[in-house]
Amino acid sequence: MWLFETTSVIMVITLTSPGDCERDWMVTFNDTDPCALKGSSVVFGCSYDYPSHQTVTNTFWKFKTQKDDTNFFENQQYGKRVEYLGNEQHNCTLRMNNLISSDANSYLFRFTTVNNAWSSKTSVSLTLTGLTAEVNPATVREGEKVTLKCSTTCTLSDHPTIVWFRDGQSVSKTEFQANSEDSGIYRCAVQGQYNLSSAPVSLDVQYAPKNVTLSVHPSEDVTKGNSVTLNCSCSANPPVLDYILYKESGQGFTTVAGWQTHTFSNIQPGDSGWYYCNASNGINTIRSNLTALNVQYPPEDTSVSVSPSGPVVEGSFVNLTCSSHANPAVSYTWYRVNGKSPIQSGTQLILEKVSPANSGRYYCKAQNKHGALNSSLLFLDVLYPPRNTLVSISLSVPLLEGSSVNLTCSSHANPAVENYTWFKKDGTDTSQTGSGEVLALTSLTSSDSGQYFCEARNREGAHKSTEVSLTIQGANHATNTFQIAVYIGSAATVFTVIVLLVFLWMWKIPFKLCQRTAVDIEDDQNSVLSRKRTSNDPATQETRTEEEENALYANVQLPPSHTHHQDSSLYSVVVPPALQNPPEPHYATFDFQQFRSSIDEAQFSRCHKEDDVVYSTVKAIKANVTDNLQYASIHFPLPSPTARLEESLEVDHSVIYSTVAKPEA
């Protein structure tokens, strides 16, 4: 609804009826030339007056050119857009909504009474207009002044409040210093009637590049060998014409590319560094921020260094250092070949007082989240003077005059022993007797007896062995010594035989005999009788009696496992040999015979495995001189069917004899 403020026009309607003054008839319009916006509303403020004795019968609003007395808004084209707000007394106000171009016309008001019709002498002329927006200047550089102006072809009757919008957002000022954000599409409108806005106008604010940024894609970890893109972006008006990409170097920055985007298809650690770009649009050239390109990769060139280098002397301070090229930084772990692993972690492995036990091959492992790599092996060589120097003798038996012996010197050292020196100590006198690892003594004499030791030497020092005594014996002394050794050996032999017999009995290793033929039985009977006669021979019994005088007996009771023998004792008889001068070596020979070869294999396979026999005989080997025999005899008599029939022979087949002859004094 539009309100118009104009000077009221008093229309004096001259009445022709006699007796009424013209001043009693009038129509008054608030504004005879209203101006309104297309699409808006307008109100024709109107009042009328007439003599009091008159009665109004009808009122009309009509076009000035209209001949008949009908309301123009009764025309169908106006529909409900026109609304009469007056009455039939004094108010004749009219309202028109949604004004269209055809509504720009001249209008009259007319009313009738019982006997007359009256109309206004002047008309209301409606003018329609629109809002026109202006931005001055339309193109401006940032920082320059901008003025907004909204105008119409006529002065709006109600002097409405004008508002501005940029890209749909309200603008509070119609004068301002332009900046980049002020660029856009502007419209003006009447407050409260935002749908009746002006035609759009644009404001172009030009400015140098802003927010110049160099970004890396992908933005996460950049790994060696991957594809990486650097992109330079900014806002600028007019648009940027030139982009230049730079990389920081030792002497400043070097040009990488002359375009907005640069791609590393196979990026390498050498591409790491600081980058920036320049953006130019004719107004100015602006530099971006510095952007770090960090190319990550697994460990490379892992190595171990040692200080001091080369072989080190025992007790020295040694520092092993592990190094590797990697990004991100690596963690180090130390290992020793064929040792406990890992030893420790860290860049350095420090050995404050190195010892020979520290000698060996070392390596380190460098590891980060992209992988791991071992170094090559480093050999730590610890030098030390000889130690654990020992002398060994080639013969451990008593040394006789005229014989030979070798003394060997051994020692632990690094580097290896360079020379060995031999010394002989005789009482308080010490003399050098030779050099070399082995000292060979030939054609020994009693003067060679004494204490010997060696000295091992390398460039780190020397070390002496303990002393070893050599005693060169004559023939008599050697014979006695050897004879004692023979006695000890004989006793050991007997003991071994006894243990072997007990072992065989415990494990019951049988040698079974099969049933014999008649001829076999007869042979067995003859054999038993022959043995009986031999055992009852007086000469034999005398010999036994003489031996038993000097014999030692050992009796082992066996469990009654043999059903045919009541006496299951084991006898061991040791007879010391008589001492003779000169004694000679004694030999013992064991002969284990299994009486199986004379039995037919077929018969043997059908044996009942009831009887067994094992013989062991120790025989003395005849020497060049008079021999004093030592022997051990072990009997496992073979009970045969004939032997079982000859129980009257009283041969005890379960007796085991071991006899050692005692030498004569």
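Of the 665 residues of the chain, 37% count as buried, and since everything shown here belongs to a predicted model, the tour describes computed features throughout. Among the contacts between residues at least 6 apart in sequence, 63% join residues at least 24 apart.

Next, select residues 42-44, 82-84 and 94-96, which are β4 and β7 together with β8. These strands form an open sheet in the order β4-β8-β7, with antiparallel pairing. Because β4 and β7 stand at the edges and each has a single partner strand, one side of each is left without a neighbour in the sheet. Neighbouring strands of this sheet are turned by 15° against each other on average, direction ignored.

Now show side chains for the largest nonpolar core, which has 27 residues, and in which Phe44, Trp61, Phe72, Met96, Phe109 and Phe111 touch the most other members. At least two residues of this core come from each of β2 (26-29), β4, β5 (46-49), β6 (56-63), β8 and β9 (106-113).

Finally, centre on phenylalanine 72: leaving aside neighbours within four places in sequence, this residue is in contact with Trp61, Lys62, Phe63, Gln66, Tyr78, Val82, Leu94, Met96 and Tyr107.

Technical notes
Residues numbered from 1 in each chain as written. Predicted model: local features only at pLDDT ≥ 70, side-chain atom pairs only at ≥ 80, totals over all residues. Heavy atoms only, no water. Pairing = 2+ DSSP bridges. Helix = DSSP H or I, 4+ residues; strand = E, 2+ residues; numbered from the N terminus. Axes fitted to C-alpha atoms, helices over the stretch in contact; angles between N-to-C directions. Buried < 20%, exposed > 50% of the residue type's maximum accessible area, 1.4 Å probe, protein only. Contact = heavy atoms within 4.5 Å. Core = buried A, V, L, I, M, F, W, Y, C linked by side-chain atoms within 4.5 Å.
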